[in-house]
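Here are my notes on this model, written as numbered points. Have the structure open while you read.

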Amino acid sequence: TAKIARYFQKKGMKVGVICADTFRPGAYDQLATLCAQINIPCFGDPKAADAKKIVKEGLVAVKDQEVIIVDTQGRHALEPDLIQEIIDLNVITKATHRWLVIDAALGQQASEQARRFHEAIGIDGVIITKMDGTAKGGGALSAVAETKSGIVFIGAGETIENLERFDANGFISRLLGMGDLQALAEKVQEAQMAEEVDMEAMMKGHFTLRDMYKQLEALNKMGPLKQIMNMLPMGNMQLPEGVYDVTSTKMVRYRILMDSMTPKELDDPGLINSSRMQRIARGAGGTPEEVRELLKYYKMMHKTLKGLRGAGGGKLNMQRLMKRFSGMQ
Ligand SMILES: Nc1nc2c(ncn2[C@@H]2O[C@H](COP(=O)(O)OP(=O)(O)OP(=O)(O)O)[C@@H](O)[C@H]2O)c(=O)[nH]1
Ligand SMILES: [Mg+2]
């Protein structure tokens, strides 16, 4: 509710919120705190039990606002009193919209919940939250089908700013595990990475320190690695968190360390034993631990790439794929 309030506030509208969730302990405090952060009036009473009474009073209290959002209670299981309450509140508010919020992780239950709410008050929009997680929102789509409505917003993060209007293309391609290839292709072009990094060779498992060096440079130009990875077609595959942890200062250090390696070492990192580590560290004004860390990172990247190849069924030809997509408008 606070996210929606923020959305309309950013559009320049006067927004008011009513907390009609008398069921979950702390619901009012939570909503009031969030609304206070963005300076939006929030009406409610943590001690009251009658949602209808709160809403009647609330409508008077926030009547000067252009957009009024009523936050109603949710539950995991549907119960008759919950349905009756939502019917009553719909009559009292004469709401112009009735939006159902569905967690992306909710499975086929979503369909049943949507049907019951739809029968009660006529749902005219679905909001899917937690799209930043691993779930793709398939269950929520069945809620859309059930209500013959559409997706209004997508929530993809915990902060109050993380609510977006829905974009069909991006959503469908993520759902099908294709990744947001169009967006990725654009980014690749921006970084002019396609020519510099031999993705095809990398996907075949040929990946040396030299490749990593080029790759880190190119990725740095493309923006946060995590965002890039989300666009790749790998379904639900999870990457080790550490893959994202390379900061640009670290990259500068890695580069200096690699500059102090011999061409042979760059092509075959397996050669690097502890005496070579000492020499490389000395040449770069660093410590052997730093070299060890670099090699650890390299191994992790190598493993990740092998995993990627597996996820693509061995047939994934990123470069050709990107060339094709970057030709599209
Ligand atoms: N990661 C992530 N967390 C979210 C998102 N949307 C909401 N949350 C978090 O999910 C938790 C539950 O959110 P609520 O807004 O209380 O959910 P609700 O559906 O109103 O739950 P009830 O009031 O208990 O029915 C909070 O900790 C939110 O910060 C999202 O898009 N991504
Ligand atoms: Mg709630």
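1. Which residue just after H6 takes a positive phi? That would be lysine 148, with a phi of about 50°. Helices here (H or I, at least four residues) and strands (E, at least two) are DSSP runs, numbered from the N terminus.

2. A word on where this comes from. This is a predicted model, where local features need pLDDT of at least 70, side-chain atom pairs count only at pLDDT 80 or more, and totals for chains, interfaces and linings use all residues. Residues are numbered from 1 along each chain as its sequence is written, chains are lettered from A and ligands numbered from 1 in the order in which they are written, and side-chain values use heavy atoms, leaving out hydrogens and water.

3. Back to H6, residues 138-147. Its buried residues (under 20% relative accessible area, 1.4 Å probe, protein chains only) are Gly139, Ala140, Ser142, Ala143, Val144 and Thr147. Their cover includes strands S4 (99-103), S5 (125-129) and S6 (151-155), along with helix H5 (109-121).

4. H5 deserves a look next to H6. Their axes (lines fitted to C-alpha atoms, for helices over the stretch in contact, with angles from 0 to 180 degrees between N-to-C directions) come within 8 Å and cross at roughly 30°. That makes H5 roughly parallel to H6, a label for angles under 35 degrees. In contact terms (heavy atoms within 4.5 Å), Ala110, Ser111, Ala114, Arg115 and His118 of H5 meet Gly139, Ala140, Ser142, Ala143, Glu146 and Thr147 of H6.

5. S5 and S6 pair (DSSP finds at least two bridges between them) in the parallel sense, over 3 bridges. Isoleucine 127 has phenylalanine 153 in S6 as its bridge partner. On its other pairing, S6 runs antiparallel to S7 (residues 163-165), again over 3 bridges, and glycine 155 is partnered by leucine 163 in S7. S6 is largely enclosed by the rest of the structure, because 5 of its 5 residues are buried.

6. There is also an open sheet of 3 strands, ordered S2-S1-S3, with parallel pairing. Its edge strands, S2 (42-43) and S3 (67-72), each pair on one side only. S1 (residues 15-20) is joined to S3 by 6 bridges, and valine 15 has valine 67 in S3 as its bridge partner. Helix H3 (residues 51-61) packs on this sheet and touches S1, S2 and S3, its direction making about 165° with that of S1.

Methods
Buried < 20%, exposed > 50% of the residue type's maximum accessible area, 1.4 Å probe, protein only. Parallel < 35°, antiparallel > 145°, perpendicular 65-115°, else oblique.
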